[in-house]
Amino acid sequence: MRTFLIIWIGQFASLLGSELTNFAITLWAWEMTGQATPLSLIMVFTQIPKLLVSPFAGFWVDRYSRKHLMLLGDWVAGLSTIALLMLLLTDHLQVWHLYISGAINGLFGYIQGLAYSASLTLMVTEEHYARATALGSVQMSGSYVLAPALAGALYAATGLTGVLSVDLATFAMAMTSLALVKIPQPPEQPTAQQMSWSTLTFGLQYLWVRPSLMALLSFWMVNSLIGSTIFAILPAMVLARSNNNPLIWGTLLAFFGMGGLLGGLTISISGGPKRRIHGVLLASALWKFGIIVLALTQQTVTKIGTALVCGFCSPFPESASQAIWMSKVEPEVQGRVFATQFFLTQLSSPIGYAIAGPLADQFFEPAMQPGGALAGFFGPIFGTGLGAGMALQISIFSTCGMLLAVGGYSVRQLRSVEVPSMDQNC
């Protein structure tokens, strides 16, 4: 666990810096445009390069030094932040620059994350899989707790310049932690020496004959589409319904992070649910229900309480799911299989991100203005005016996500994904 913990500390610093920048960039882009579409487009440009490179990334992770790939990810992300800082200092920064930066960071961050995930099984024993993945959630949640307050204070005092400068310092910490440790490599396989069509399709062939993993994968594919349509416009909805008050959005993020921190620590201490599929399905359903409450309520106290509960539930699905994957896929092929898993899971995300902003700006928001097409029916529930359309849109997709999670129990291959006999012919 020592190597894992050293890397974990460095990556936590890097993630915190990235969240500072994401928070500040969201405020900056909203101030510049006042529309949801640019915010969702940043996510689209972040996702697409990951999908384009994912067929090859698994081969690279199984073939080349995972430590070098992780260092490369931090190095390129640092250069991208330097470029944004230079453009800002010379008054040339435009919203489309954020799309390019998001694409670069998304691409190399994905390769780094894949190398990290595939290395986990060689750095910790199986009994600690759920704890290790839960600590990954603690990283994310901890950054949500700290980033809004730090970013808000830095943004008010120094603007985007100060936030980007701090982000650069955290990249240096992450690279130093990686340089200090030796990351184990899996045994080299003869079949992985050359990239070929069979190598690129290995992950798909592997999963195709394992119905339980295919069922889990299918669940995440639909869940990702729904989730991307929700989270692409969630910041814009909160800002719009709080008179563009970044303090409200920052507070919700902080309480979401606190909940996530508690959830991650709970899993780290307890090891998570005995049947991991409950962590995937039940926690997903509760999380989506919380988002519906968040969209419906206008009271700040209720929003904060909901963000806390949603945050607590948030680490369970990903942690439980990843522990299932790590326990069922052999370490020497995890790079290729995890790359295929990511590619198929995230294939729908750009679609969700791409439609969420225009759908809100062009349909739901106009329809929920006073006198709009949907205002008469949904107005008493969501109110009318700025942000009401996005709240309705988010509620609709969250309801779909909740039904998907509950309905997952009706699929035997998914419900029994942890039973070894489900894939006994492989």
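This is a predicted model: local features need pLDDT of at least 70, side-chain atom pairs count only at pLDDT 80 or more; totals for chains, interfaces and linings use all residues.
Let's start at one residue. Proline 315 is buried, with a relative accessible area of 1%. Proline 315 sits in helix H13, which covers residues 315-328. In sequence, proline 315 and leucine 386 are 71 residues apart. In space, their C-alpha atoms are 32 Å apart.

Now step back to the whole protein. What is it built from, helices or strands? There are 18 helices and 0 strands. The chain has 426 residues, and a compact globule of that length would have a radius of gyration near 22 Å. The protein has 21 Å, so the value agrees with a compact globule. Along the principal axes, the C-alpha trace spans about 65 × 55 × 40 Å.

How much of the protein is buried? Of the 426 residues, 55% count as buried. Proline 315 is one of the buried residues. The accessible surface comes to about 17800 Å². Carbon and sulfur atoms account for 69% of that surface.

A word on charge. The protein has 18 positive side chains and 16 negative ones. The centres of the two sets lie 9 Å apart.

First, H3, residues 66-89. Threonine 81 is found there. Its relative accessibility is 4%, so threonine 81 counts as buried. What does threonine 81 touch, leaving aside neighbours within four places in sequence? The contacts are Leu164, Asp167, Leu168 and Phe171.

Then H4, residues 95-123, which holds serine 101. Serine 101 has 7% relative accessibility, so serine 101 counts as buried too. Residues up to four places away are again not counted. On that basis, serine 101 touches Ser80 and Leu84. Look back at helix H3: its range, 66-89, takes in both of those positions.

Now the aromatic rings. A pair of rings is described by two things: the distance of the centres and the angle of the planes. How many aromatic pairs does a search of the whole structure find? The search finds 10. One of them joins phenylalanine 202 and tyrosine 206. Their ring centres are 6.1 Å apart, with 40° between the planes, and the pair is tilted. Where do these two residues sit? Both are in helix H7, residues 202-208. They are 4 residues apart there, so about one helical turn separates them. Phenylalanine 202 is at 24% relative accessibility, so phenylalanine 202 counts as partly exposed. Tyrosine 206 is buried, at 7%.

Here is another pair: phenylalanine 219 and tryptophan 220. Is the pair stacked or edge-to-face? Edge-to-face, with 75° between the planes and 5.5 Å centre to centre. Phenylalanine 219 is buried, at 4% relative accessibility. Tryptophan 220 is at 11%, so tryptophan 220 counts as buried as well.

Which residues form one aromatic cluster? Phe231, Phe256 and Trp287 do.

To wrap up: keep the 18 helices and 0 strands in mind. Remember the 55% of residues that count as buried. And come back to proline 315 in helix H13 when you open the model. Thanks.

Technical notes: Residues are numbered from 1 along each chain as its sequence is written. Side-chain values use heavy atoms; hydrogens and water are left out. The radius of gyration is taken over C-alpha atoms; the globule rule is 2.2 Å times the number of residues to the power 0.38. Buried means under 20% relative accessible area, exposed over 50%, partly exposed in between (1.4 Å probe, protein chains only). Accessible areas come from the Shrake-Rupley method with a 1.4 Å probe; for residues, only the protein chains shown count as cover. Lys and Arg count as positive and Asp and Glu as negative; His and the chain ends are not counted. The place of a charge is taken as NZ of Lys, CZ of Arg, CG of Asp or CD of Glu. Rings of Phe, Tyr and Trp (its six-membered ring) pair if their centres lie within 6.5 Å; planes under 30 degrees apart count as stacked, over 60 as edge-to-face and the rest as tilted. Contact means heavy atoms within 4.5 Å.
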